[in-house]
Amino acid sequence: MCGGGGSAAKAAQQQEAARQAGITQAVGQINSIYGSPQRQQQYTDFQNAMQAYNLNQLDKQKTDADRNLNFALARQGLTGGSADADASANLAKDYNQGVLKSEQAASSAASQLQAQDQAQKQQLIGLAESGLDATSASNQALTGLQTNLANAMAQGQAQDLGDMFSGLANYYTNSQQADAYRKSLNGTQTYGLFGPTLNGQYIGPGSLSVQWPGQNTTNI
Amino acid sequence: MGAGAAAGYIAAAIAAASAVDQNQTMRRQDADAAAGIRQNMALQQDANKKIANTIQQQAASNPANAQASQMDQYLQQLQQQQQLAQQRLARTGLGDAYNQWAARDAGDVNDYSTKLAGLMSAVDAPSLQRQQEGYTLGDLGTELGIIGGDAAGNQYVTGQQVANQRPNPWLQAAAQGAKAYASGAGGK
């Protein structure tokens with residue numbers, strides 16, 4: 001053992017060298033994790049899933065809108081006319097807007113996920129670097145955890161496209177007003193979601209005998 | 001040999017003893033400091049191991065488990081609510097056309113719902129995965145905090161130990177006294 005603090009200095013040098021080596025190795029590993037092809041694939045998969053989910057919603061809305069428009073135009077006697085063409089064009093525009101909006105939402109969500117990973121990467125590097133100064137490391141980690149959870153909650157919500165075909169609402173409203181007007185003239189009132197007739201027969205109170213699962217037959 | 005020379009020898013001997021004492025004190029201080037640093041090195045290695053474990057967990061982390069788990073939950077919910085969802089389609093007595101279309105639509109409902117569950121679980125999975133990763137980082141922060149506390153405590157104790165390693169005050173006082181005496185005796 002040498003005098004003048006030799007062994008302590010040597011131990012401190014060893015500790016610092018080990019710490020530096022550990023940090024260098026850890027930072028390299030962390031960078032490779034967050035830049036790995038697997039991680040990149042996760043962003044792509046997420047974006048594709050989000051896009052497919054949005055398009056699924058959009059397609060369902062379009063199917064409903066197509067059907068409603070057909071009925072509405074037919075009720076008003078506008079099928080095959082210029083109004084039909086205009087409404088169909090509007091519906092196509094709304095659909096295209098929905099496609100773009102869904103792509104935008106999916107892309108934005110994937111970017112958010114990437115940004116979140118970048119923040120997490122920096123946080124992990126900070127933890128590795130801080131080493132034994134772990135009081136600040138702990139604080140940093142806990143603060144980062146809150147950020148992660150907040151981001152995760154925001155990300156977790158599947159994006160809602162909203163009603164993409166609300167622009168055609170006038171047709172339905174006009175059509176239903178006309179329908180109600182006709183019925184008031186005829187003195188009849190119908191119930192149900194699918195219009196006044198089924199197989200050409202009037203459906204009104206008491207006109208149908210229905211067997212609900214697990215229940216007795218009832219007249220509606 | 002005169003009194004002055006004797007005083008000089010005595011002063012030199014005491015000074016030598018004091019120097020040895022000081023040197024030994026410094027060695028003990030050095031040894032204590034080195035021991036403290038080694039203890040902190042062990043703590044550092046523990047911290048490094050925990051960091052390495054966390055890095056390994058992050059490297060192995062993927063959304064597949066979260067997606068499968070989420071999908072199971074969605075399918076289970078759909079299964080539980082299936083009867084109510086298809087109650088209207090299951091009505092009877094409405095005619096052959098209705099029966100045919102209802103049977104086909106019931107299949108559509110199942111396909112649509114399963115597809116939706118798959119997409120929703122795929123959308124949810126990365127967030128759930130990162131939530132779990134966040135918990136892992138939080139755990140690491142807590143563990144490093146504990147290690148840091150241990151290291152700070154160790155540093156404090158080591159500092160106290162080093163500070164308590166002092167030269168023998170009596171020997172130092174004797175050395176100074178002898179030196180002063182020898183100077184006085186030599187001057188006569």
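Select chain A and follow it from the N terminus: its elements run α-α-α-α-α-β-β-β-β, which makes five helices and four strands. Here helices (H or I, at least four residues) and strands (E, at least two) are DSSP runs, numbered from the N terminus. The model is predicted, so local features need pLDDT of at least 70 and side-chain atom pairs count only at pLDDT 80 or more, while totals for chains, interfaces and linings use all residues. Residues are numbered from 1 along each chain as its sequence is written, chains are lettered from A and ligands numbered from 1 in the order in which they are written, and side-chain values use heavy atoms, leaving out hydrogens and water.

Stay on chain A and colour by burial. Of its 220 residues, 35% are buried, where buried means under 20% relative accessible area, exposed over 50%, and partly exposed in between (1.4 Å probe, protein chains only).

Now switch to chain B. Its pattern along the sequence is α-α-α-α, with four helices and zero strands. Buried residues account for 34% of the 188 residues in chain B.

Next, select residues 96–164 of chain B, which form helix α3. How far apart are its end C-alpha atoms? They are 100 Å apart, which agrees with the 102 Å that 69 residues should span at 1.5 Å a residue; the expected span is 1.5 Å times one less than the number of residues.

Zoom in on Ala125(B). A kink of about 30 degrees lies there in α3(B), shortly before the proline Pro126(B). The bend is the angle between axes fitted to the seven residues ending at a residue and the seven starting there.

Move along α3 of chain B to Gln160(B). Is Gln160(B) buried or partly exposed? Its relative accessible area is 37%, so Gln160(B) is partly exposed.

Among the members of its 19 residues that touch the most others are Ile30(A), Leu124(A), Ile51(B) and Leu140(B). The elements giving two or more residues are α1 (6–34) and α3 (82–130) of chain A, together with α1 (3–60) and α3 of chain B. The largest share, six residues, comes from α1(A). Click Leu140(B): leaving aside residues up to four places away in sequence, Leu140(B) touches Leu124(A), Leu127(A), Lys50(B), Ile51(B) and Thr54(B), with contact meaning heavy atoms within 4.5 Å.

Methods. A nonpolar core is a set of buried Ala, Val, Leu, Ile, Met, Phe, Trp, Tyr and Cys residues joined through side-chain atoms within 4.5 Å.
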